[in-house]
Amino acid sequence: MAEFAPVPDFALGPEIPESGYHVTELGGGAYGITSGMVNTVFLVTKNGVVVVDAPPDLGEALLAGIGEVAPKPITHLIYSHAHADHIGSAHLLARDDLKIISHELTARFIKEAHDDDRPLPNETFTGTRSELSSDGERFVLEYTGDWHQPGNLFIHLPEQKVLTAIDSFTVKNAPFFRLLFSARVPAYFAAMDQMLEYDFETVVSGHMALFGTPEDVQTNREYIRDLRTAATEALCAVDLREAAAAAGVPDNNKQARLKVWMDTPPALAELTDHH
Ligand SMILES: [Zn+2]
């Protein structure tokens, strides 16, 4: 049976009340909201609210949290990327004059998913950059590479010094496994450098109860560099033919050989970790 060490206090963040959400004021009209499992950001403008994403783990609590801070209409919804765990409650926000904005590649994924819970964006852009202005508040949307999923955006609020980088890393935690299922690992490494080029004080990274700082991005960058070094060492140390032989894989079972090849270096890296 698996045993789990307690999560350290510094990684926990605020307790989530019965309401299912916790709102953190980030300054300049920006607010972070979390369910404990997912988080996102919204900005209150003069006449409305601009929201990034609509995660199902928040669901109706997103509307309650926004309503508590500012009883104003939601005017814009920006999709950070297409994954349902971040935008699968968008249908709760949908109404005729809601502007839903995303990169064109995100729109393509949503179209292919045929999912009524993720309404198609009605404003998309191609290329690497777009700006949104609402009541004089600026959002810079940048597509710098497929660090998580094609079409994924950095969403920068320059006045508020807030950077939204959903599914980029996990604050005060190791990144979720497989580097959050990164579509392209070299782009994931580059993304940490790209994030640190923005002028920001708070980063909203999509999961758990905490919002981060530039220092947290640096910590994640160091962690994944160490991970790369350990993975490279493990790959060099394992003789894949020997590993297949040791596991008793018949020569003609190519799929089983491939599985042993995939499993042995991480198993070795895990062993070296437990000294
Ligand atoms: Zn995702």
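I started with the sequence pattern of the zinc ion's donor residues, which runs H-x1-H-x64-H-x18-D. For this I counted donors as N, O and S atoms within 2.8 Å of the metal (3.2 Å for Na, K and Ca); water is not among the atoms, so sites may look incomplete. I then looked up where two of these residues sit: His81 is in the loop between β5 (74-78) and α2 (84-87), and His148 is in the loop between β9 (137-142) and β10 (154-157), so this pair ties together parts 67 residues apart in sequence. Helices (H or I, at least four residues) and strands (E, at least two) are DSSP runs here, numbered from the N terminus.

**Ground rules.** I have to keep in mind that this is a predicted model, where local features need pLDDT of at least 70, side-chain atom pairs count only at pLDDT 80 or more, and totals for chains, interfaces and linings use all residues. Residues are numbered from 1 along each chain as its sequence is written, and side-chain values use heavy atoms, with hydrogens and water left out.

Which atoms hold the zinc ion? I found His81 (NE2), His83 (ND1), His148 (NE2) and Asp167 (OD), at 2.1 to 2.2 Å. The angles that the four donor atoms subtend run from 89 to 168°, which makes the arrangement irregular. My rule for that word: four donors count as tetrahedral if all angles lie between 85 and 135 degrees; four count as square planar and six as octahedral if opposite donors are over 155 degrees apart and all others between 65 and 115; anything else is irregular. I also checked burial, and both His81 and His148 are buried. Buried means under 20% relative accessible area, exposed over 50%, and partly exposed in between (1.4 Å probe, protein chains only).

I looked in UniProt, where an unreviewed entry lists residues 37-207 as "domain: Metallo-beta-lactamase". UniProt positions are in the numbering used here, feature names are shortened, and annotations may be inferred rather than shown by experiment. Over residues 37-207 I get 25% helix and 26% strand, with the end C-alpha atoms 5 Å apart.

**Helix α1.** Which residues of α1 (residues 60-69) are buried? They are Ala61, Leu62, Gly65 and Ile66. They cover an arc of only 135° around the axis, which puts them on the same side of α1. The arc is taken from the directions from the helix axis to the C-beta atoms. Glu60 and Glu68 are exposed on the other side of α1. The buried residues of α1 pack against β1 (22-27), β2 (30-34), β3, β4 and β5. Contact means heavy atoms within 4.5 Å.

Thr45 turned up in the loop between β3 (39-44) and β4 (49-52). Thr45 is buried, at 3% relative accessible area. Not counting residues up to four places away in sequence, Thr45 touches Val50, Lys72, Ser134, Asp135 and Glu137.

Next I went to Phe200, in the loop between α5 and β12 (202-204). Phe200 is buried too, at 7%. With residues up to four places away in sequence left out, the contacts of Phe200 include Lys161, Met195 and Val217.

Leaving aside neighbours within four places in sequence, I see Glu25 in contact with Ala30 and Tyr31. The C-alpha atoms of Glu25 and Val69 are 9.5 Å apart, though 44 residues separate the two along the chain.

**Salt bridges.** I counted a salt bridge when a side-chain nitrogen of Lys or Arg is within 4 Å of a carboxyl oxygen of Asp or Glu. By this rule the count is 11.

- Arg95 and Asp97 meet at 2.2 Å, N to O; Arg95 is partly exposed at 34%, and Asp97 is exposed at 56%.
- Glu131 pairs with Arg138, with the closest N and O atoms 3.1 Å apart; Glu131 is partly exposed at 41%, and so is Arg138 at 30%.
- Arg225 pairs with Asp193 at 3.9 Å between the closest N and O atoms. This pair links distant parts of the chain, with Arg225 in α6 (residues 214-237) and Asp193 in α5 (residues 185-197), 32 residues apart.
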